[in-house]
Structures are given as C-alpha cells and as structure tokens.
Amino acid sequence: MFVLTMYIMLLTLDEYKPTWQDRLTTPGMMIRPRGEAMEITYSISNTESWDVYPATLENFLLPYNNTLQARTNDECNPDQYFIQEDSGEVRNNPKRSCQFNRTTLEECSGISDRFYGYDKGQPCVLIKLNRVIGMLPGKDGLSPYVSCAAKNEESADKLGQLAYYPPNGSFNLMYYPYYGKKAQVNYTQPLVAVKFLNMTQNADVSVECKMVSNTLQEGGERDKFAGRVSFKLRINT
C-alpha cells in the first residue's frame with residue numbers, strides 16, 4: 001500500500017515546477033562579497049587585507065561575461081516581463097533567458113577597474129535577489145529597485161555618497177518571471193552594484209539595502225533577509 005501510494009504521488013509531480021512552494025513571496029536579498037558575519041573590513045594600505053574581495057567578485061561575475069551571455073541568452077525588450085507560456089500539454093522548454101551583461105555594472109564590472117574600487121577606498125558591493133519561481137516583482141512597467149542607507153544614527157553621517165549600477169539600481173522586469181532551474185537552464189539572475197564613493201574611513205558603518213517594489217511587501221521579522229540585507233563596512237587607512 002505504501003509503495004502504491006508513493007507511486008501515485010510521484011505521477012502527480014511536475015519535474016519542471018514544484019507542486020507546492022513554501023518560500024516567502026518576497027525574495028531574500030544577499031550581497032557579494034559577504035565577508036565573515038556580513039562584515040567587510042579592510043585596510044587600504046594593506047593589500048592582503050582586501051585582495052580576496054575583488055577576487056571573489058571576479059569569480060562571481062564570470063557567468064556574466066558579455067561573450068558568454070551573447071552566446072547563451074537573448075536580447076530582450078526592457079521594462080516588460082519575458083512571458084513564455086506553455087501551449088496546453090505541450091511544454092515550451094527549455095525556456096529562454098535574457099542577457100545580463102557585466103558591462104551593465106559599469107564601474108563595478110571589474111572591466112575598467114580590476115580591483116572594484118577596494119584599492120581606492122571606494123568599494124563595490126553586488127546585490128542579488130534569491131530566485132522565486134513565477135514571481136512578478138513589479139507592475140505598470142515599474143521595476144523593483146535597490147535603495148541603501150545607514151542602518152542607525154551613528155552611521156548616518158559616515159555613509160557618504162552612493163552610486164548604483166545600473167544607474168537606477170533596478171532589477172529590470174525582463175528578467176522575470178523565473179521558471180525554474182530545469183526549465184530555464186541558462187538563467188542568470190540580474191544584479192545591482194552599489195559603490196561607496198566617500199565613506200568615512202577608520203569607522204564602522206552599518207548599511208541596510210532594501211528592495212523597493214510596487215507589488216511585493218517589505219520583509220518582516222519572520223525573515224530579516226526578505227527584501228533587504230544588512231551588513232557592516234569598515235575601511236581603514
């Protein structure tokens with residue numbers, strides 16, 4: 001009876017999409033590099049204290065090389081969802097994915113500056129959203145975007161000016177919805193880079209970055225990483 005029950009249950013499963021999804025509707029947000037305990041601390045004058053961060057970013061961005069993206073993914077129309085529906089019982093698989101070229105990250109792409117600003121005290125941090133199958137994170141052509149600020153009053157006057165890449169700090173709608181790893185094999189999730197231009201040195205600065213969306217709720221206490229991420233940044237001379 002047990003074997004028969006398991007067999008019948010397996011027949012109902014969809015190999016491309018989970019039958020049940022218990023993930024939060026608001027995706028988690030993470031940064032690269034992360035450092036230990038979500039802390040990025042280094043000394044500009046000590047190369048060995050920061051060379052791991054550019055190396056981590058370079059390795060992370062390899063799948064985003066323009067030549068690779070052009071070979072595997074499509075040029076899509078921005079600011080609209082890339083819907084790829086199935087036709088009844090006929091699967092539209094594998095589904096295509098939109099190009100996200102690392103040149104989109106401009107000064108934080110590692111192309112014009114292989115040290116990603118760490119040698120100048122202007123470090124880049126990359127932000128990504130966790131993948132959620134079927135998520136539609138914006139409406140009326142408005143993409144969700146990232147907004148970073150000091151997490152507490154002590155850090156407010158130390159954070160300095162920020163630059164976002166892409167310039168508006170958005171996760172464009174053309175990268176959604178996500179259809180799953182097996183259905184969308186070449187999918188590379190969009191990124192937002194934040195560059196800290198003139199942060200106060202020799203001081204701890206607590207930063208919180210949030211996703212601003214007109215369809216997704218801000219994360220609550222149940223999951224502090226839902227739609228936001230907090231980390232500490234310290235740049236010593």
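Asp 113 is buried, at a relative accessible area of 12%; buried means under 20% relative accessible area, exposed over 50%, and partly exposed in between, with a 1.4 Å probe and protein chains only. The side chain of Asp 113 meets that of Lys 120 in a salt bridge, 3.8 Å from N to O. By salt bridge I mean a side-chain nitrogen of Lys or Arg within 4 Å of a carboxyl oxygen of Asp or Glu.

Before going on, the basis. This is a predicted model, where local features need pLDDT of at least 70 and side-chain atom pairs count only at pLDDT 80 or more, while totals for chains, interfaces and linings use all residues. Residues are numbered from 1 along each chain as its sequence is written, and side-chain values use heavy atoms, with hydrogens and water left out.

The structure holds nine salt bridges. One of them joins Arg 102 to Glu 58, with the closest N and O atoms 3.1 Å apart. This pair links distant parts of the chain, 44 residues apart: Glu 58 is in helix H2 (residues 52-61), and Arg 102 is in the loop between helix H3 (66-72) and strand S3 (124-129). Helices (H or I, at least four residues) and strands (E, at least two) are DSSP runs, numbered from the N terminus. Arg 102 is buried at 4% relative accessibility, whereas Glu 58 is partly exposed at 32%.

Next, the strands. Asp 204 and Lys 232 form a salt bridge, 3.8 Å from N to O. Asp 204 lies in strand S7 (residues 204-212) and Lys 232 in strand S8 (residues 228-236), so the pair ties together parts 28 residues apart in sequence. Both are partly exposed, Asp 204 at 35% and Lys 232 at 23%. They also belong to a network of salt bridges with Glu 39 and Arg 234.
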